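Subject: Structure for you to look at

Hello,

Here is the structure I said I would pass on. Please open it and keep it beside you while you read the rest of this message.

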Amino acid sequence: SIVSTNSVGDQLWIKVIGPASTGKSTLCEALSVNLDYILAKSTIRGMHSGSQDEDKSIDYSLISQVNGKTLVIKDGDTLLQSPNLPQILSEMRDVYDRNSRTSYRTSASRVYIGINMTVILCGTNSLRLLDTSELGERFLDVVIMEGIDEQLEEDILWRVANSADRNLLIESDGDPEHQQSPEMTEAMQLTGGYINYLRKNAMQILGSMQITDEVRRRCMELGKFVAYMRARPSSKQDETSEREFAARLVSQNVRLTRCLGAVLNKT
């Protein structure tokens, strides 16, 4: 998602889904180390802001801060409880198309053209509530853990127990770098550095990928399959039941394929 930010076409927005305590927040905090290309928010109240100072020179909208970056939201489940969720989703769908226009009763108005922005939204299976074929979902779901495997959990819990015991002997002095173990700090720093490398060399890295016609056709089939799978009965009317047209999904799948290969250092 991050490496695709400045590429033209449908944007690659990701929902990271998994049970509670499976590392989603740790992933978000690691990405948030990079301040040049990442804007991290625990939750949001909208993409636009009608607030303005006396000379109207400062833009307080979230769009103005996130343009050219990846918006990382680590608490998507809280977003679901927002009373203005429909407005937030409407504004995000507008931003997805790279152009957004709004106006307010205060006579303030904003026009944004050519927005390059990707989104990584993390949460539990509750985020599937955002899927609705009527509005055309903009996110691809990436499920990092479908269910809890007993053997895997035992292995991880043993490591957690040892790590927790060691961490009790490390005193935090309030420095952000000392809020976790030295190993975790190093891993987060490496993640932030890797994001720099990906963004600065995105076109060169993506250009080195070889995508065959067979792979593109597979992406096309998967896009159509997902369009059927996430279709929902309409909550507004019962005259017709329809799915979304698969064009956006096919485009996103192709982008995901090339970008995933780039991130995994495949050709």
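Below is what was found in it, starting with the whole chain and then going to single places.

Please keep in mind that this is a predicted model.

The chain as a whole

The chain contains nine helices and seven strands. It has 267 residues, and 36% of them count as buried. If you take the contacts between residues at least 6 apart in sequence, 77% of them join residues at least 24 apart.

The strands around S3

Strand S3 covers residues 69–73 and is mostly covered, since four of its five residues are buried. S3 pairs with two strands that I would like you to find. With strand S2 (residues 38–41) the pairing is parallel and runs over four bridges; here Leu39 has Leu71 in S3 as its bridge partner. With S6 the pairing is also parallel, over five bridges, and Lys69 stands opposite Met117 in S6. When you look along these strands, remember a general point: in a regular strand the side chains alternate between the two faces of the sheet.

Rolling a probe the size of a water molecule over the atoms shows where empty space is left. The largest pocket holds about 810 Å³ of space. It is lined by 30 residues, and those closest to its centre are Ser21, Thr22, Gly23, Ile156 and Val160. Helix H1 (24–31), strand S6 (117–123) and helix H5 (150–167) are the elements that each give two or more residues to this lining. Which of the elements gives the most to the lining of the largest pocket? H5 does, with 11 residues. By class, the lining of the largest pocket has 10 nonpolar, 11 polar and nine charged residues.

The second largest pocket has a volume of about 590 Å³. Its lining consists of 20 residues, with Ser1, Ile2, Ile120, Leu260 and Val263 nearest the centre. The elements that give two or more residues to it are S1, H1, helix H6 (182–200) and helix H9 (247–263). How many residues of each class are in the lining of the second largest pocket? There are 18 nonpolar and two polar residues, and no charged ones.

Two single residues

Ser7 lies in the segment before strand S1 (13–17). Is Ser7 buried or exposed? Ser7 is buried, because its relative accessible area is 14% and the cut-off for buried is under 20%. Leaving out residues up to four places away in sequence, Ser7 touches Arg98, Met203, Leu206 and Arg255.

Thr102 is in strand S4 (residues 99–103). Its relative accessibility is 21%, so Thr102 counts as partly exposed; buried would need a value under 20%, and exposed one over 50%. Apart from neighbours within four places in sequence, Thr102 is in contact with His48, Ser109 and Arg110. Thr102 and Tyr112 are 10 residues apart along the chain, and their C-alpha atoms are separated by 9.0 Å.

Regards

Key. Residues numbered from 1 in each chain as written. Predicted model: local features only at pLDDT ≥ 70, side-chain atom pairs only at ≥ 80, totals over all residues. Heavy atoms only, no water. Buried < 20%, exposed > 50% of the residue type's maximum accessible area, 1.4 Å probe, protein only. Contact = heavy atoms within 4.5 Å. 1 Å grid on protein atoms, 1.4 Å probe; cavity = no way out; pocket = protein on both sides within 12 Å on 5 of 7 lines; lining within 4 Å. Points joined across faces, edges and corners; volume = space filled by probe spheres on them. Nonpolar A, V, L, I, M, F, W, Y, C, P; charged D, E, K, R; others polar. Pairing = 2+ DSSP bridges.
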